[in-house]
Amino acid sequence: MNPDIIKKYGIEFENKLIEEWGVEKIPHTNLDALTFFLHGWNADELDEILLPDINNALGLVDSEIENANDFVTIIINNYKVFFYWENKPTSSIPTIDFKQIVEGWRAFLLSPPLNRSK
């Protein structure tokens with residue numbers, strides 16, 4: 001991931017050991033909505049759902065794609081991702097930045113130790 005993106009959004013990915021069941025991978029950013037949105041995805045879902053949505057939005061000039069997890073809803077277009085928490089807008093970031101962050105989170109999820117490993 002681009003170091004400027006890491007700095008701009010205060011990105012840190014953490015392997016947290018939870019004694020009851022092992023490692024949990026935790027994202028941290030300076031945008032609460034982005035942090036909670038990332039936390040709700042696993043690598044397979046990123047590959048099958050979110051990354052294709054991002055790529056589709058980047059390729060379509062006048063369309064918007066909505067996606068959500070249990071915490072945050074996003075609307076993606078070819079230039080921005082808008083975050084909504086409890087149906088209220090909270091923040092937005094450039095779509096290209098969001099794609100790099102999602103790809104970085106995916107890579108971290110696939111790196112050892114894997115979730116729930118002890």
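## The β5-β6 loop

Glutamate 86 sits in the loop that links β5 (80-85) to β6 (88-94). The coordinates come from a predicted model. Although glutamate 86 is not a glycine, it has a positive phi, of about 55°. Its relative accessible area is 63%, and since exposed means over 50%, glutamate 86 counts as exposed.

Asparagine 87 is found in the loop between β5 and β6 as well. Asparagine 87 is likewise not a glycine, yet its phi is positive at about 65°. With a relative accessible area of 72%, asparagine 87 is exposed.

## The sheet

How many strands make up the open sheet, and in what order do they run? The sheet has four strands, ordered β3-β4-β5-β6, and their pairing is antiparallel. β3 (65-68) and β6 are the edge strands, each of them pairing on one side only. On average, and with direction ignored, neighbouring strands of this sheet are turned by 20° against each other. Strands of a sheet pair through backbone hydrogen bonds, in either a parallel or an antiparallel sense.

At one end of this order, β3 and β4 are joined in the antiparallel sense by four bridges. Isoleucine 65 has isoleucine 76, in β4, as its bridge partner.

## Helices against the sheet

α3 packs on the sheet and touches β3 and β4. The direction of α3 makes about 160° with that of β3.

α2 lies across β3, β4, β5 and β6. Relative to β5, α2 runs at about 90°.

## The nonpolar core

Which residues of the largest nonpolar core touch the most other members? They are Leu50, Ile74, Phe83, Ile93 and Phe98, out of 28 residues in that core. Helices and strands both contribute: α1 (3-9), α2 (32-39), α3 (43-59) and α4 each supply at least two core residues, as do β4 (72-76) and β5. In soluble globular proteins, nonpolar side chains tend to be buried together.

Key:
Residues are numbered from 1 along each chain as its sequence is written. This is a predicted model: local features need pLDDT of at least 70, side-chain atom pairs count only at pLDDT 80 or more; totals for chains, interfaces and linings use all residues. Side-chain values use heavy atoms; hydrogens and water are left out. Buried means under 20% relative accessible area, exposed over 50%, partly exposed in between (1.4 Å probe, protein chains only). A nonpolar core is a set of buried Ala, Val, Leu, Ile, Met, Phe, Trp, Tyr and Cys residues joined through side-chain atoms within 4.5 Å. Two strands pair if DSSP finds at least two bridges between them. Axes are lines fitted to C-alpha atoms, for helices over the stretch in contact, and angles run from 0 to 180 degrees between N-to-C directions. Contact means heavy atoms within 4.5 Å.
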